[in-house]
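Hi,

Here is the structure I promised to pass on.

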Amino acid sequence: MENIIACNLGSYRQFGAGAYTHLAEIGLTNVEIGVPSAESVDEVQSNLKAHGLTATSLLGRCDVQSETVVSDFQSTLEIADKMGVKVIFVSAHAGETDRNAVYDRLRAIGENAAPSGIKVCLETHPDLIHNGDIALETMQAVDHPNICVNFDTGNVYYYNHNVTAVSEVQKVVPHVGAVHLKDTNGGYRTWHFPALGEGVVDFKAVFQTLNDAGFYGPFTMELEGIEGENLDEAGVQARIADSLQHLKDIGVL
């Protein structure tokens with residue numbers, strides 16, 4: 001099987017207007033976009049199709065601290081289903097909310113996602129998924145096949161000391177439903193996310209680990225840049241093209 005490689009449109013920063021054209025130029029056909037409004041789904045789909053693009057994941061909102069999150073999330077599931085998108089990326093934070101209530105809410109969302117075959121993937125963020133051990137604890141507590149981990153290869157360094165992307169992903173392989181490809185200099189709480197291949201992440205080993213387990217994507221490039229830099233549009237586009245080239249160089253694309 002071939003890996004599904006996508007690009008999070010946020011990687012284009014303020015130059016998003018040219019994103020679709022640039023992606024077509026470099027031959028990348030998959031994107032991660034925000035959940036469109038119900039009224040704009042047809043327009044969004046048409047625009048993607050015009051550029052030869054497919055949305056492989058949607059960025060959704062999932063406030064697990066809210067008692068109404070299950071019903072609130074239903075419209076997101078319906079929009080994803082209408083678009084034929086099988087992965088919804090969310091960032092979930094339990095905060096002071098009772099963990100069992102949070103797990104119950106996520107499980108109920110999983111139940112609602114199951115008939116459409118949609119996986120709701122929780123980002124590598126505090127306080128439910130920020131490293132392999134915590135993510136595994138959350139997944140085992142929720143215990144639903146449609147609630148998964150969005151493993152972020154850069155965030156595991158940002159939020160933890162003394163980890164590697166490979167060691168952390170190995171802990172949660174059966175629960176990974178999506179991946180964000182992000183490189184880093186490895187610094188704790190250090191905003192340094194360069195082009196793929198310019199940091200410490202062993203992407204080839206990450207892919208190998210997941211491919212061996214039967215996971216082939218979506219792997220979504222999320223290029224958040226380096227604190228203090230000021231790239232122009234050409235610089236932003238070059239970083240995306242260079243990152244894609246790195247994936248080709250290591251043989252995963």
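Predicted model: local features only at pLDDT ≥ 70, side-chain atom pairs only at ≥ 80, totals over all residues.

The buried residues of helix α4 are covered by, among others, β2 (30-34), α2 (41-50), β3 (54-59), β4 (87-90), α5 and β5 (119-123). Cover here is contact, meaning heavy atoms within 4.5 Å, and buried means under 20% relative accessible area, with exposed over 50% and partly exposed in between (1.4 Å probe, protein chains only). Helices (H or I, at least four residues) and strands (E, at least two) are DSSP runs, numbered from the N terminus.

In α4 (residues 74-83), the buried ones are Thr76, Leu77, Ile79, Ala80 and Met83. They span an arc of only 165° around the axis, so they sit on the same side of α4; the arc is that of the directions from the helix axis to the C-beta atoms.

Residues are numbered from 1 along each chain as its sequence is written, and side-chain values use heavy atoms, leaving out hydrogens and water.

Most residues other than glycine have a negative phi, and most peptide bonds are trans. Yet Arg13 has a positive phi near 50°, and Asp143 has one of about 55°. Arg13 is partly exposed at 30% relative accessible area, while Asp143 is exposed at 62%. There are cis peptide bonds too: one joins Pro126 and Asp127, omega about 10°, and another runs from Gly217 to Pro218, omega near 10°.

Cheers
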